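Please open the model in a viewer and keep the selection tool at hand.

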Amino acid sequence: MSHPAITLEGVAKRYAGGRVGLDGVDLGVADGSFFGLLGPNGAGKTTVIGLLTSLVRPDAGRVRVFGHDLDGEAVAAKACLGVVPQEVNFNSFEPVAEIVETQAAYYGLSPRRARQRAGEVLAQVGLADRRHQTAWGLSGGLKRRLMIARALVHQPRLLLLDEPTAGVDLEARHATWDLMRQLNGSGVTILLTTHYLEEAEALCDELAILDQGRILAGGGTAAMLHGLRHQTLVLELAAPVAAVPDLAPAIVHCPDAWTLEVEIPETDSVNALFARLSRAGLQVAALRNKQNRLESLFLQLVGRGGREAAL
């Protein structure tokens with residue numbers, strides 16, 4: 001029988017001072033999925049990671065990893081997990097291969113098998129030529145890759161990535177995206193927490209948005225984005241306008257004579273908007289979304305004024 005990669009059933013956690021970590025959360029992550037867990041600081045994302053790694057114990061509810069209950073089968077559950085925390089936490093003065101081999105020993109791999117697996121995962125993440133170098137000399141992006149290699153050494157079925165591209169440059173971020181896609185394509189289930197919403201939209205096939213310990217929305221990424229109440233397009237015009245045009249029901253702002261910012265409600269369509277632009281004698285030279293679509297959804301749920309509506 002196939003089990004979901006992660007199952008949370010009615011999970012609650014409170015901390016000292018009454019701070020809510022999680023408030024009766026139900027969450028399922030399918031085997032093989034690329035799942036994004038999003039939310040503002042303090043929403044409960046780190047609590048979820050802590051529960052899955054047994055660093056945090058729930059006050060109520062059940063947590064399972066591939067059917068293994070964390071309360072009674074923690075060893076079996078954690079054997080399925082690879083964890084990449086936010087902070088780099090290896091000894092930077094050790095050689096790269098030794099860092100990975102030491103991690104393998106924690107999972108009971110023999111010295112011979114540990115060396116073999118270290119070579120395999122370092123090649124997988126593009127660090128084979130750095131195996132004898134001390135980690136201190138690696139760039140920030142390569143240190144993140146070393147963290148991923150270390151998490152993969154025991155061949156986990158589930159990889160927990162907590163802000164894996166925080167603080168790295170754009171090139172390293174996109175290289176890490178490619179690596180994560182390859183890992184997921186090979187069958188590894190990935191749970192990603194990130195503050196880069198374009199990252200979640202680009203990578204994740206499923207999402208959940210947390211705020212104040214509760215899930216505000218969840219489901220397939222495409223379906224969630226389809227439910228946006230509005231989107232804002234920035235239109236660069238082929239010729240300047242003398243006044244703000246009436247494109248109702250869209251709401252129009254005019255930052256300058258060559259640019260329109262058009263907020264399209266859910267009941268409207270881009271095709272209808274362009275028909276109205278044509279009738280108004282306006283030609284569009286270029287357009288773009290003002291915000292990443294997932295950013296728009298995120299702000300709609302947890303942004304200014306959205307939190308009260310969503311809860």
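The model is predicted: local features need pLDDT of at least 70, side-chain atom pairs count only at pLDDT 80 or more, and totals for chains, interfaces and linings use all residues. Residues are numbered from 1 along each chain as its sequence is written, and side-chain values use heavy atoms, with hydrogens and water left out.

Select threonine 221 in helix 8, residues 221-226 (helices are DSSP runs of H or I, at least four residues, numbered from the N terminus). Threonine 221 is buried, with a relative accessible area of 7% (buried means under 20%, with a 1.4 Å probe and protein chains only). Display its side chain next: it reaches the backbone oxygen of cysteine 204 at 2.8 Å and the backbone nitrogen of glutamate 206 at 3.5 Å.

Move to arginine 157, whose charged end sits over the ring of phenylalanine 66, 3.7 Å from the ring centre. Then select lysine 13; its charged end sits over the ring of tyrosine 15, 5.6 Å from the centre of that ring. (A charge sits over a ring if NZ of Lys or CZ of Arg is within 6 Å of the ring centre and within 35 degrees of the ring normal.)

Finally, select Thr53, Val83, Pro85, Asn89 and Gln103, which are the closest to the centre of the largest pocket among the 18 residues lining it (lining residues have an atom within 4 Å of a point on a 1 Å grid; a pocket is an open set of points with protein on both sides within 12 Å along at least five of seven lines, where a 1.4 Å probe fits).

Definitions and conventions
Helix = DSSP H or I, 4+ residues; strand = E, 2+ residues; numbered from the N terminus. Buried < 20%, exposed > 50% of the residue type's maximum accessible area, 1.4 Å probe, protein only. Polar contact = N/O pair within 3.5 Å; in protein donor to acceptor, adjacent residues only side chain to side chain.
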